[in-house]
Amino acid sequence: VEPYYLSTKRKDMVTAYGEVNSVMNDYMSGAISKDDTTKQLDQMVSPYSVNLVIVDSSWEVIYSNTRDAGMMLQKIQETVLGGIPLRDGEGDNNNVTIIEKNDSYTLQKSYDARLNDNFYELWGTYGNGTTLLMRMPLLSVRDTIVMTNRFIQIAGILIFVIGLVTASGLSGFISRPIKHLSEIASRMSSLDFDVRYEGHDRSEIGVLGRKMNDMSESLEETI
């Protein structure tokens, strides 16, 4: 579950970047106002549960959906200006691991010693110097994974119990008439022809029971 879930979250960040990129292109071209930009970004970012900060070339915040915008701004400066050394392998201290990089954005995993948590981060820079940084804490993702695994385990146990109870009920439903027919046959072998099968079902068992009734009557008349 965890690898799939983490992969889905990385894809969500890339999808969110594409949507944010579309709004920012409209904003930078003057097609929409800053207020409309803020409203549209709020609506787009909320479903993805990411923190987003966008700054212009003067490091003035254009948009932020987090109270910790100062820390995010410092993170952008460190990342864009190369203050954080990059290396291959797992993130450690303030190092980051590049997951995907192209001309538009860089997706990376970073360890934040201040928060003692790993993050997925996606940042990109536009031609006019505008820069954005999206951040998703992996601790909350792993909490969700733990809850999902627990739910799957509980659901599996419930399905097993329900299946066991259902199987037991069906077993009794099938075996009871068979036992009854066996008792009839045993009593008939002792020349007790008063016993009758009283079932009314149309299954093969019901047909057999009625045939045994006919046979019992014939034997009684013969004897």
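M212 is in contact with L181, I184, A185 and M188, once its neighbours within four places in sequence are set aside. This residue belongs to helix α5, which covers residues 204–222, in what is a predicted model. With a relative accessible area of 10%, M212 is buried, since the cut-off for that label is under 20%. From here, let's walk through the rest of the chain.

**More on M212**
- The C-alpha atoms of M212 and V195 are separated by 9.9 Å. Along the chain, M212 and V195 are 17 residues apart.

**The chain as a whole**
- Five helices and six strands make up the secondary structure of the protein chain.
- Their order along the sequence reads α-α-β-β-α-β-β-β-β-α-α.
- The protein chain has 223 residues, and 32% of them count as buried.
- Its accessible surface comes to about 13800 Å², with 55% of that belonging to carbon and sulfur atoms.
- Among contacts in the protein chain with a separation of 6 or more, 43% are between residues 24 or more positions apart.

**Strand β6 and its two partners**
- Strand β6 spans residues 131–137, and six of its seven residues are buried, so the strand is largely enclosed by the rest of the structure.
- One partner is strand β1 (residues 51–55), which runs antiparallel to β6 and is joined to it by five bridges. Within this pairing, L52 has M134 as its bridge partner in β6.
- Another partner is strand β5 (residues 117–125), also antiparallel to β6, with seven bridges between the two. Here Y120 stands opposite M136 of β6.
- β5 and β6 form a hairpin, with five residues lying between them. In its turn, G129 has a positive phi of about 95°.

- How many salt bridges does the structure hold? There is one.
- It is formed by the side chains of E121 and R135, at 2.7 Å from N to O. The pair links distant parts of the chain, as E121 sits in strand β5 and R135 in strand β6, 14 residues apart.

**The β3–β4 hairpin**
- Strand β3 (residues 96–101) pairs with strand β4 (residues 106–112) in the antiparallel sense, over five bridges.
- Four residues connect β3 to β4 in a hairpin.
- Across this pairing, E100 stands opposite L107 in β4.

**A nonpolar patch on the surface**
- Which residues form the nonpolar patch on the surface? They are I157, F160, V161, L164 and V165, and together they have about 520 Å² of accessible area.
- F160, one of these patch residues, lies in helix α4, which runs over residues 138–189.
- F160 counts as exposed because its relative accessibility is 56%, and the label applies to values over 50%.

Notes:
Residues are numbered from 1 along each chain as its sequence is written. This is a predicted model: local features need pLDDT of at least 70, side-chain atom pairs count only at pLDDT 80 or more; totals for chains, interfaces and linings use all residues. Side-chain values use heavy atoms; hydrogens and water are left out. Patches are made of residues with over 30% relative accessible area and no salt bridge: like charges are joined within 9 Å, nonpolar side chains (Val, Leu, Ile, Met, Phe, Trp, Tyr) within 5 Å. Accessible areas come from the Shrake-Rupley method with a 1.4 Å probe; for residues, only the protein chains shown count as cover. A salt bridge is a side-chain nitrogen of Lys or Arg within 4 Å of a carboxyl oxygen of Asp or Glu. Buried means under 20% relative accessible area, exposed over 50%, partly exposed in between (1.4 Å probe, protein chains only). Contact means heavy atoms within 4.5 Å. Two strands pair if DSSP finds at least two bridges between them.
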